[in-house]
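User: I have a model to go through with you. Let us take it piece by piece.

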Amino acid sequence: MKIEKLEELLVQVTKRERTYLKIKALSVFLYFNGLSSRAISLVLKYLGYNVSYEAIRKWVHQLAKFIHKVYIKSNICYVDETKIKKKQKFYSLWLAVNEKGIPLFCWLSAKANKQVAKLVLLNTKSKKIVTDKAPWYPAACKELGLQWKHETFGKRNVIERAFMPIKKRMKSFLIDFQQTRNTKQCAD
């Protein structure tokens, strides 16, 4: 997503002009590229703009409706799931993105099966589904009347790239959490 397009959308959404549109567009752009609102606030403070993380959150939420209308409509959808560990249990994180890598639907489930796949595929609102070779996708697509295509590499890398920041954040969170917990146990 280009910053210029975000500026055009911000003109439609924002009511007051206290902050420059370029700063708002940059903030939203950085947020959609994986930076937290607090980190964006620090970056802007370094650049000489005093913007709270709450203002950034509001801008993102204001734009969410318009971005959804403009970018989410897609004929092709890439769907995949990955395992996430929490408290010694594994969960499946399902993610559906369009060809630009914009998330269409996300779901966390205790199991990975045809029923959950149907739920995810139904919420993508796409006619063509591209997935890996997991056994539940062909059956779910057939029941929903969707076109299914198996793809291991190529354009399907969009979904793998979408999972990268999620896995990175989960990994760093688990490492920090385990270190904190071990430190507390040693102190007791």
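User: Which residue with a positive phi follows helix 2?

Analyst: This is a predicted model, where local features need pLDDT of at least 70, side-chain atom pairs count only at pLDDT 80 or more, and totals for chains, interfaces and linings use all residues. Residues are numbered from 1 along each chain as its sequence is written, and side-chain values use heavy atoms, leaving out hydrogens and water. Helices (H or I, at least four residues) and strands (E, at least two) are DSSP runs, numbered from the N terminus. Helix 2 covers residues 21-32, and the residue with phi near 105° that follows is Gly34.

User: Which residues of helix 5 are buried?

Analyst: Buried means under 20% relative accessible area, exposed over 50%, partly exposed in between (1.4 Å probe, protein chains only). Helix 5 spans residues 114-124, and its buried residues are Val116, Ala117, Val120, Leu121 and Thr124.

User: Why do they line one face of the helix?

Analyst: The arc is taken from the directions from the helix axis to the C-beta atoms. On the other side of helix 5, Gln115 and Leu122 are exposed. The buried residues line one face because, down the axis of helix 5, they fall within an arc of 130°.

User: How many bridges join strand 2 to strand 3?

Analyst: Two strands pair if DSSP finds at least two bridges between them. Strand 2 (residues 89-97) and strand 3 (residues 103-109) run antiparallel. They form a hairpin with five residues between them, and Gly101 in the turn has a positive phi of about 90°. Val97 stands opposite Pro103, and the bridges joining the two strands number six.

How values were computed
The expected span of a helix is 1.5 Å times one less than its number of residues.
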